[in-house]
Amino acid sequence: MAIKEYFTPTHVYFGEGAWEKAGEVLKAHGASKVLVHFGGGSVKRSGLLGKVEAKLDEEGIAYVELGGVVPNPRVSLVRKGIELYKSEGCDFILSVGGGSVLDSSKAIGYGVYGGGDVWDFYCGKRKVEGTAPVGCILTLSATGSEMSDSSVITNDETDPVYKRGVNTDFGRVKFSLLDPMLTATVSKYQTACGATDIMMHTLERYFHQGYALDFTDQLSFTLLKEVMKWAPVALEKPDDYDARANLMWCGSLSHNGLMAAGNPNNGDWSCHQIEHELSAEFDVAHGAGLAAIWGSWARYVLGTDRDRFVKLGEGVFGESDPVKTIEKFEAFFRSIDMPTDIKGLGLDFDEAACRKAALGVTFQDARKIGNFKVLDTEDIFNIYMMASGLK
């Protein structure tokens, strides 16, 4: 049996007010000038950015700002960040925002260290061999990037647009300041998208071929149940600390490798690959795209290993019928106003659109995806057709 590694070096500070340690922690890491990276301006409007920068001032740490990160973060802004970091003589990157800001920050770190074209790392031409140091203040519970090894970037400078990811231990940030109350102002839609993304990170790892460590399975079931317990509370009571704290910690643990620990591989990840084509081309919210795809994927691959679905249903719902288990997950997604098909994303796919998307996933029939069930272009086409109500 293959040896599986588990490596999570990020120093986490968790609890209300954790962001206040920004200056202190950056100083401890030897930072003297920081690139403060953030999104569309909400951290400015809320006053958080100014408060964080005041903490840097207290420690005598200089900084330069780069805002403008959008969902499905763009390589064009990453390139600007790399040049700004270099021209300003920065020695640390502080991500203030959600997963998109973190993904962009990690990409800037790779580009600063590696030189050349940063997109080379995302299209597979080069491997990441190091990074400029990155830390984060998290404002959205969703992607788990605050403890994960992953970064996903959209290339908005190509036609068609490509969305690609890099997984490397260099992507694990130096520290994460996790204050659950910073997520209290997140919209209901983005809270629901985040909860879905957290669940999908766990489900992607749960579905794999080969030996499955029962203890890790039980951790996965507990995490899924906790998200389904606390997401509705957060939607109803945005300021509820317990709801926000539990969702935030579930998000971190869902994607830091724990949900695959002891298993021979990291899981399936087909749904993420299939969804990436939707969010790259149509800029849909990642969590919503995953919810729209998952049920069709699950039905398509059900015959691969029904027992795996039985165990999932019994562990999460006390349900032994795999079909009903799939339906129960979809019912939960609908209960938090997530779509369960492509039409629910506001997209009207026909057969040609399904074929185009499937070819995009497989890089024009040059690769296959998946681990639980290996999928080729025709398989992915069939899943898109099912998710579009055409099959």
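Q: Is F14 buried, partly exposed or exposed, and why?
A: Buried means under 20% relative accessible area, exposed over 50%, and partly exposed in between, with a 1.4 Å probe and protein chains only. F14 counts as partly exposed because its relative accessibility is 37%. This is a predicted model, where local features need pLDDT of at least 70, side-chain atom pairs count only at pLDDT 80 or more, and totals for chains, interfaces and linings use all residues. Residues are numbered from 1 along each chain as its sequence is written, and side-chain values use heavy atoms, with hydrogens and water left out.

Q: Which residues have a positive phi although they are not glycine?
A: Most residues other than glycine have a negative phi. Among the exceptions here, N72 has a phi of about 55° and D365 one of about 70°. N72 is buried, because its relative accessible area is 6%, whereas D365 counts as exposed at 54% relative accessibility.

Q: Where is a cis peptide bond found?
A: Most peptide bonds are trans. The bond joining D159 and P160 is cis, with omega about 5°.

Q: Which residues have the most contacts inside the largest nonpolar core?
A: A nonpolar core is a set of buried Ala, Val, Leu, Ile, Met, Phe, Trp, Tyr and Cys residues joined through side-chain atoms within 4.5 Å. The largest has 64 residues, and those with the most contacts inside it are F207, W294, W297, F309, L312, F329 and Y384. Apart from that core lies another, of 32 residues, including Y85 and W119.
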